[in-house]
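Hi everyone, thanks for making the time.

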Amino acid sequence: MRASTTSRLTGAAAAAALLAGAFLATASTATASTASAGTTPDGAAAATSAGHDRNHAKPRALRVATYNLSLNRATEGELVADLSTGDDVQAATVAEVIQHANPDVVLLNEFDYPGDADPYAAADLFRENYLEVPQGTGAPVEYPYAFVAPSNTGVPSGFDLNNDGTVGGGDDALGFGLFPGQYGMVVLSKYPIQHRDVRTFQHFRWQDMPGALLPDDPATEAPADWYSAEELAVLPLSSKSHWDVPVRVGRETVHVLAAHPTPPSFDGAEDRNGLRNHDEIRLWADYVRGGRAARYIYDDEGDRGGLRPGTSFVIVGDYNADPLDGDSATGADGVPAIDQFLRHPRITDPRPTSAGAPEASALQAGANLTHLGDPTLDTADFADTTPGNLRVDYVLPSRDLRVRDAGVFWPAATDPLSRLTGVYPFPSSDHRLTWTDVKL
């Protein structure tokens, strides 16, 4: 029987959770050498339901990953139906990717929220029917803990937000989506999630950010007037949501900061999506800076402020922003959207690479030939015409967490596991699982 709960301790996972108070996951020497090649970070043979060996004598480490696995579906309830059996080919493929990478904590983007009546329905089915079952050459992996919450995607705004003269449809929702919860998120963890301390920022209004980059209607002389005052009164900043999910690892707590900003495209000269993307990224940049910089931020319970000084965190997600290429917006300070993270004094950029990304860039050519960024850092295989392959998926730890290793699951074509990433139409997703190992 499926248990719709935030935590499920069974079998080996229960034993692992008991051991977690004293020991943490440790990557083997083989892990580091394989990971640098961008293929199997832990290897199928090494992956177990309990994760890494928590009795290992080496320094403690935690593997955190983000994966936009494109499990979104076209209609409400379709994902739950697809996951109700173990027969969905795409779900089996993305599950095998996770099994080979074997992260301790992973954010899944584009994973439809099934609704408030049973919010954990899809997450439970994905765990039970796919992750906890051997897929291909992968070994079962158990995530006893999960966090799921509503998303702004597909929630009707009641306004004509794209100014096309009609009200309704995905473009007029609070976040683009054809039904409430489409393109949602879930956090899975081998370590306890401190649910009482989770903060969500689904309802923080865009206009409440000081200096917000509100879009301007180029057809009028008034500034920042794409949205009316009535629209701004209901329009949230987050196109999905922003979550601060504290994970307890032994005696320490790591805050997993999860989000999935809107793509900076699919708009017009007003650049409403590009500007929103920029400010969605800025929210976390201000949040981790804390103090006066974060005083304006309020969560869905009405509590204000950001992280306290010295708090350990990892920013995770598909941020739809490349530091050099693509359509990202630049702020009034001249800083590109994602550089609000990459130049941040409290954030480390591990610059994960893979063997498959530069190979794909060279073979696909097209827009990739004009890119300024290093293709070894790409995490997404987008259209060759535009925008080309980009770095958009990030796992960025706080500076107090020492990075031990990092990588992108994008095997070279000669690697047998390249069947999991493939070429268009992709067997899994157009994004690649991205991971970072940190020492606590």
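This is a predicted model: local features need pLDDT of at least 70, side-chain atom pairs count only at pLDDT 80 or more; totals for chains, interfaces and linings use all residues.

Residues are numbered from 1 along each chain as its sequence is written, and side-chain values use heavy atoms, with hydrogens and water left out.

How do we find these spaces? Rolling a probe the size of a water molecule over the atoms shows where empty space is left. On a 1 Å grid over the protein atoms alone, a cavity is a set of points where a 1.4 Å probe fits but cannot get out, and a pocket is an open set with protein on both sides within 12 Å along at least five of seven lines; lining residues have an atom within 4 Å of a point. Points are joined across faces, edges and corners, and the volume is the space filled by probe spheres set on them.

Back to that largest pocket. Its lining has 46 residues, and Glu110, Pro263, Phe266, Asn320 and Asp430 lie nearest the centre. Helix H7, residues 272–289, gives the largest share, three residues. Helices here are DSSP runs of H or I, at least four residues, and strands are runs of E, at least two, numbered from the N terminus.

The second largest pocket comes in at about 200 Å³. It has 16 lining residues, with His278, Arg282, Gly331, Asp333 and Gln340 nearest its centre. H7 turns up again, giving the most to this lining with six residues.

Now, which residue makes a polar contact with Glu110, side chain to side chain? That's Asn68, at 3.3 Å. A polar contact is a pair of N or O atoms within 3.5 Å; within protein, one must be able to donate a hydrogen and the other to accept it, and residues adjacent in sequence count only if both atoms are side-chain atoms. The Asn68 side chain has another such contact, 2.9 Å, with the side chain of Asp318. Asn68 sits in strand S1, residues 61–68. Because its relative accessible area is 0%, Asn68 counts as buried (under 20%; exposed is over 50%, partly exposed in between, with a 1.4 Å probe and protein chains only). Leaving aside neighbours within four places in sequence, Asn68 is in contact (heavy atoms within 4.5 Å) with residues including Asn109, His260 and His431.

For a second residue, take Asp327, in the loop between strand S8 (313–318) and H8. Asp327 is partly exposed, at 46% relative accessibility. Not counting residues up to four places away in sequence, Asp327 touches Pro264 and Ser265.

The structure holds two cavities of 30 Å³ or more. The largest has about 60 Å³ of space, and its lining includes Glu76, Leu79, Asp112 and Phe179.

Last, the whole protein: nine helices and 11 strands, with buried residues making up 59% of the 440. Thanks, that's me done.
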